[in-house]
Amino acid sequence: SVKEAIEQGSMPKALMELLGRKRPPEINDVQAAATEVQKQDPALAALAELVPSLEQLTDSLKSEIQSGKVSVNMEPRGLVVSLKEAAFFPPAGDSIEQEAYPIIGKIAESALKLPNKILLEGHTDSTPINNGRFRSNWDLSAARAIAMLNVLAERFEVARERMSVSGYADNVPVSDNETVEGRKKNRRVDVVFLNQFGVKSQPGRK
């Protein structure tokens with residue numbers, strides 16, 4: 001519904017569409033409507049918070065999305081930019097390909113404009129790994145998340161204190177691990193711009 005709203009027109013219209021029937025009919029101003037919805041439905045307001053970034057990233061990463069290198073989605077916890085392994089990492093490795101830096105730069109551009117905390121999640125498929133460097137998919141998924149954090153911090157100056165990393169191995173698949181295409185989709189690093197509810201789920205956050 002967020003994507004449809006954005007495609008229909010301007011950002012104010014998209015926000016209004018997102019707020020939908022939650023908006024009191026007498027309120028026409030976008031900001032006033034958002035404030036009212038914040039009181040009535042904080043979860044919906046948390047989604048609206050990152051809609052402008054969703055629009056910006058969907059536009060700037062249009063060619064990468066079309067080629068299957070990246071996907072951009074809104075989830076209850078925040079905005080998720082999913083980076084597919086084939087475009088960013090060598091097989092079974094954690095060194096980021098130089099060709100991927102311009103794509104990461106587009107994501108960093110949004111990161112520098114936002115105050116949100118950022119969670120970097122590493123994911124693998126279910127194929128066992130033990131190549132001398134990585135004992136398991138747990139090691140590989142965590143190493144890739146850390147590698148992405150280091151590039152964002154060192155090359156694009158995203159503050160380290162805003163970021164955290166998680167490695168999930170093959171435990172959060174987005175597709176079927178029984179097929180080649182499914183395993184390809186599961187090998188990824190997700191960059192998650194956390195909204196207020198996503199931040200509350202993090203350790204040490206009240």
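Colleague: Is asparagine 116 buried or exposed?
Modeller: This is a predicted model, and asparagine 116 sits in the loop between helix 8 and strand 3. Its relative accessibility is 7%. Buried means under 20%. So asparagine 116 counts as buried.

Colleague: Which backbone oxygen does the side chain of asparagine 116 reach?
Modeller: Asparagine 116 touches Glu49, Leu50, Arg162, Leu194 and Asn195, leaving aside residues up to four places away in sequence. For one of these, the side chain of asparagine 116 comes to 2.9 Å from the backbone oxygen. That oxygen belongs to leucine 194.

Colleague: What is the relative accessible area of asparagine 195?
Modeller: Asparagine 195 lies in the loop between strand 5 and helix 11 (196-200). A polar atom of its side chain is 2.8 Å from the backbone oxygen of proline 76. Asparagine 195 is buried, and its relative accessible area is 1%.

Colleague: Which element gives the largest share of the largest nonpolar core?
Modeller: That core has 36 residues, and Val81, Phe88, Ile96, Ile104, Leu120, Met148 and Phe193 touch the most other members. The elements giving two or more residues are helix 5 (51-60), strand 1 (70-75), strand 2 (78-84), helix 7 (85-88), helix 8 (101-113), strand 3 (118-123), helix 9 (137-154) and strand 5 (188-194). The largest share is 7 residues, and it comes from helix 9.

Colleague: How many residues of strand 2 are buried?
Modeller: Take valine 81 to begin with. Valine 81 touches Leu57, Leu61, Val70, Ser71, Val72, Ile107, Val189, Asp190, Val191 and Phe193, not counting residues up to four places away in sequence. Strand 2 is largely enclosed by the rest of the structure, because its buried residues number 7 of the 7.

Colleague: Which residue of strand 2 stands opposite methionine 74?
Modeller: Strand 1 and strand 2 run antiparallel, joined by 6 bridges. A hairpin through 2 residues connects them. Opposite methionine 74 stands leucine 79.

Colleague: What is the bridge partner of serine 82 in strand 5?
Modeller: Strand 2 also pairs with strand 5. The two run antiparallel, with 7 bridges between them. The partner of serine 82 is aspartate 190.

Colleague: What arc do the buried residues of helix 5 cover around the axis?
Modeller: The buried residues of helix 5 are Val51, Ser53, Leu54 and Leu57. An α-helix has 3.6 residues a turn, so residues three or four places apart point the same way.

Colleague: What span from first to last C-alpha does helix 9 reach?
Modeller: Helix 9 has 18 residues. At 1.5 Å a residue, 26 Å is expected. The model comes close to that, at 25 Å.

Colleague: How far apart are the end C-alpha atoms of helix 8?
Modeller: Helix 8 has buried residues, among them Tyr101, Ile104, Ile107 and Ala111. At 1.5 Å a residue, its 13 residues should span 18 Å. The end C-alpha atoms agree, at 18 Å.

Colleague: What distance separates the C-alpha atoms of valine 158 and alanine 111?
Modeller: Valine 158 lies in the loop between helix 9 and strand 4. At 2% relative accessibility, valine 158 counts as buried. Valine 158 touches residues including Ala108, Ala111, Leu152 and Met163. Valine 158 and alanine 111 are 47 residues apart along the chain, yet their C-alpha atoms are separated by 7.0 Å.

How values were computed:
Residues numbered from 1 in each chain as written. Predicted model: local features only at pLDDT ≥ 70, side-chain atom pairs only at ≥ 80, totals over all residues. Heavy atoms only, no water. Core = buried A, V, L, I, M, F, W, Y, C linked by side-chain atoms within 4.5 Å. Buried < 20%, exposed > 50% of the residue type's maximum accessible area, 1.4 Å probe, protein only. Helix = DSSP H or I, 4+ residues; strand = E, 2+ residues; numbered from the N terminus. Contact = heavy atoms within 4.5 Å. Pairing = 2+ DSSP bridges. Polar contact = N/O pair within 3.5 Å; in protein donor to acceptor, adjacent residues only side chain to side chain. Expected span 1.5 Å × (residues − 1).
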